[in-house]
Amino acid sequence: MNNVFMPTLITTHQLNRLLILSLSFAVIACGGSGGSATPPSTPPPVTTPVTDTTPNSFSFSFSSIDHVPLDTLVSSDAISISGINAATAISISGGEFKVNEGEFTASSTTLNNNDKVTVRITSAADYATSSELNVTIGGVVGSFKVTTVPAPPLGKVVDVNLDIKHSVGGIERFDREKFITIHANHTENDWYAVGENASADLITEFAEGYDVYFGRDAGGIGWNLNNLPQDPAKAGFVDPAATTERANGVRWNYTNLTTPRAITQRNLEYRNKNLIVSGQQHPYWPDGQLTGNLSAASWAFSQIDSANEPFGTATGDYMARYVSQFFKQGETDPYGQTKPAFVEVMNEPLYDLYDAATNPVELSQVFAFHKTVANTIRNLEINGEKPNQNLKVGGYTAAFPDFDTDNFQEWEERDKLFIDMAGADMDFISLHLYDMPRFRNTVQLRKGSNMEATFDLLEHYTNLSFGAPKPFIISEYGSQVHTMLNSPWSPERDWLFINSMNAQLMNFLERPNLIEMTIPFIVVKAEWGRISDTVPYSHRLMRQQKEAAGETGDLWVYTDLVKFYQLWANVNGQRAESKANDLDLQVDAYVDGNKAYIIVNSLEMEATTFSLNTYGLTDNDINQLIKRELRQENGVAVLDEQTLTSIPNTMEIGAEATIIFEITYQNAIAMAHSATETKYYASTYKQAIVAATTHSFTIADVILTDEGEAVLRLGLGRDHGLSLLPTVTFNDVTLSVPEDFRGYDQFYNGNGRENFFGVIEIPVPLSALQATNTINVTFDDAGGFISSLSLQVLNSDKALKRAE
């Protein structure tokens, strides 16, 4: 027997041989002195062979195999069994075996000397994972191990946990009233009385057909002002009596007229409840410019600036009377339309009053004006009551908030100053955010990381100033295509506007708790802005047929901008937890009964592929899957719709395109779990970057979690060429800083933004979180600022499924 396994074991056969040798030596030792031994009187005993069923060791013969495919039967080489002289038992665990040329089996049997044994096992379903079987032959155990191939480089993957509700600051539903809107209201002439529409009922077809809400009105307040006289008893103020009289007439007409237009307006009023009323620079800025003279003598708002009448009081007085008297005066008032929800003090004031002005006004005066107007609107008293106490007033409606300009001097001199002077009196911060894809031979985009940095800086500073971030209103967004200004309608310009809208909307949807309203700058027809017979106003929902190549006629039809609304037409429901492993894929998801809506927007400037994984749908099969993609083909927006039978393993998404999956399941989707997202801000902000210096921040009062994810958000403003990869420690744990961030690199081969302003999103292991956290950031080079620092924590009641 082989002594490798049992070196001290002596068989019966060997013992007999030893006894015989011992007896022989004994005879020789005890023999007579006469010389030869005396022959034995009896013959030697006959020995019987002993049964041996323990084979020679075979464990080294089953060689391990690496780099095998996933979930595949893998067989070993055949080995010969030796060292036995009788049938012996064979059994297996974790696999199958066969003897000689027999069938593979997992059932125990016997084999004989010189039989050949082959084993097999199914490899693991996961990458880089070992599987092992054990085979026992005559008491000797051998093993066979196979290891699957390493995981390939993970492509772009979107993971959606449809059974987990994702709440952000207490908000978990898709709010179409604040996110799917148009820059118009339901009473505008453009819907009813400007030319002839191809649709018999354009406004109803559009608003109810695509589930769109009305957003902003900057015209009604001015039209009525131009029909009102000055107060005869107080120069520079509107006449209160005349205002009341005209307001009563407007309200009565709205409710009692029986024309088709009036009936349609009342039917659609429910889509106008979040209306923003906005003033313009003229004549609301008190500089002597006269009101119109439609039915009254022209006059100008008071320019007095005193303790009893701060600069802007007269403007605030008129705005207050307009929003309180020209609309329903309380729940029981039967006359007029619903009162607006918001007032923007002034639309883009700094462009006209400062940037493009011959004699720029003091910025501090503009911001003091906002404070005065807001407080005057809120505190207007009529018949002993203050009707505007619940109205939200904000500003300053920055047109191009480039906080990082001149190494953050623009932030200090404009937005920070505004917050310091008037922020406490603002219910919201109002912004206009535009991509500029063709501006002086540059591509200057906000979508992606730049927009994140803009929001994060405002959030961080207002949180430090007021104990919580100020809400936002984005009353205009999209793109400005400067090379196509003053030119005819262009489907290419529409596409550039659409891809910006989709990407920016995905940014907004990440802040449903902080954003009050978002309105893409799409007006209806805007004949008031026409430049010439062949050059209309841009950014229109409607065009005349003759404006498109190959078409004729004067009927008003949709421009390609309607495809934005067609794409988003059905999206609704509770937000589901979702994430992409690549920051250039923006992802969101919603569940509405047995439907799931999964939105994927690409920030890549070329087509790319990704895979989609959905989790949490046990025994709930797909009834229907509709895939809508809004992309460009030869510069023209194309909305493509396909009906699929299942989610493809991989799929392509076009350059800067958007896909919305509308998936109908057999049963309602059970969202039995929840994940709550909370954002925490550091106790300090905006630190100048010094080389090889530790910049320390503290984030306190963090609620710890066992399941979920955490991301450190590092806002940076730096010149191109400076590092975006600092050393970052979180409670002494060194974090891995990703090289990628959302959107393009902002340098764009020297044709992008003047410098980088964006957010670096750094994963933080949950094990590193503490209630109070110390974050250290160190750069090797100097220059620029850390503009903001916050911690985004998703606290889930179950583990989040992610592609490995």
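This report describes the overall form of a predicted protein model and then several of its residues.

## Overall form

The protein chain contains 14 helices and 39 strands. Its radius of gyration is 39 Å, well over the 28 Å that the globule rule gives for 804 residues, so the chain is more spread out than a compact globule. The C-alpha trace spans about 165 × 60 × 55 Å along its principal axes.

Of the 804 residues in the protein chain, 52% are buried. When contacts between residues at least 6 apart in sequence are considered, 75% join residues at least 24 apart.

## Surface and charge

The protein chain exposes about 35,100 Å², and carbon and sulfur atoms supply 48% of that area. The chain carries 55 positive and 97 negative charges.

## His 166 and its surroundings

His 166 belongs to strand β10, which covers residues 157–168. Its relative accessibility is 5%, and buried means under 20%, so His 166 counts as buried. The side chain of His 166 makes a polar contact with the side chain of Glu 677, at 2.8 Å.

Leaving aside residues up to four places away in sequence, His 166 touches Ile 171, Glu 172, Arg 575, Ala 576, Glu 577, Ala 675, Glu 677 and Leu 794.

## Cis peptide bonds

Most peptide bonds are trans, and most residues other than glycine have a negative phi. Against that background, two peptide bonds are described here. The bond from His 282 to Pro 283 is cis, with omega near 5 degrees. Pro 283 is located in the loop between β14 (276–278) and α8 (313–325).

The bond from Gly 395 to Tyr 396 is also cis, with omega near 0 degrees. Tyr 396 is placed in strand β16, which comprises residues 392–398.

## Positive phi values

Thr 397 is likewise found in strand β16. Phi of Thr 397 is near 60 degrees, a positive value in a residue other than glycine. With a relative accessible area of 0%, Thr 397 is buried.

Gln 746 also has a positive phi in a residue other than glycine, near 70 degrees. Gln 746 sits in the loop between β36 (733–734) and β37 (756–764). The relative accessibility of Gln 746 is 1%, so this loop residue counts as buried, the limit being under 20%.

Gln 545 lies in the loop between β21 (542–544) and β22 (556–558). At 19% relative accessibility, Gln 545 counts as buried, because the cut-off is under 20%.

Not counting residues up to four places away in sequence, Gln 545 touches Glu 551, Thr 552, Gly 553, Asp 554, Leu 555 and Val 557. Ile 599 is 54 residues from Gln 545 along the chain, and the C-alpha atoms of these two residues are separated by 32 Å.

Definitions and conventions. Residues are numbered from 1 along each chain as its sequence is written. This is a predicted model: local features need pLDDT of at least 70, side-chain atom pairs count only at pLDDT 80 or more; totals for chains, interfaces and linings use all residues. Side-chain values use heavy atoms; hydrogens and water are left out. Helices (H or I, at least four residues) and strands (E, at least two) are DSSP runs, numbered from the N terminus. The radius of gyration is taken over C-alpha atoms; the globule rule is 2.2 Å times the number of residues to the power 0.38. Buried means under 20% relative accessible area, exposed over 50%, partly exposed in between (1.4 Å probe, protein chains only). Contact means heavy atoms within 4.5 Å. Accessible areas come from the Shrake-Rupley method with a 1.4 Å probe; for residues, only the protein chains shown count as cover. Lys and Arg count as positive and Asp and Glu as negative; His and the chain ends are not counted. The place of a charge is taken as NZ of Lys, CZ of Arg, CG of Asp or CD of Glu. A polar contact is a pair of N or O atoms within 3.5 Å; within protein, one must be able to donate a hydrogen and the other to accept it, and residues adjacent in sequence count only if both atoms are side-chain atoms.
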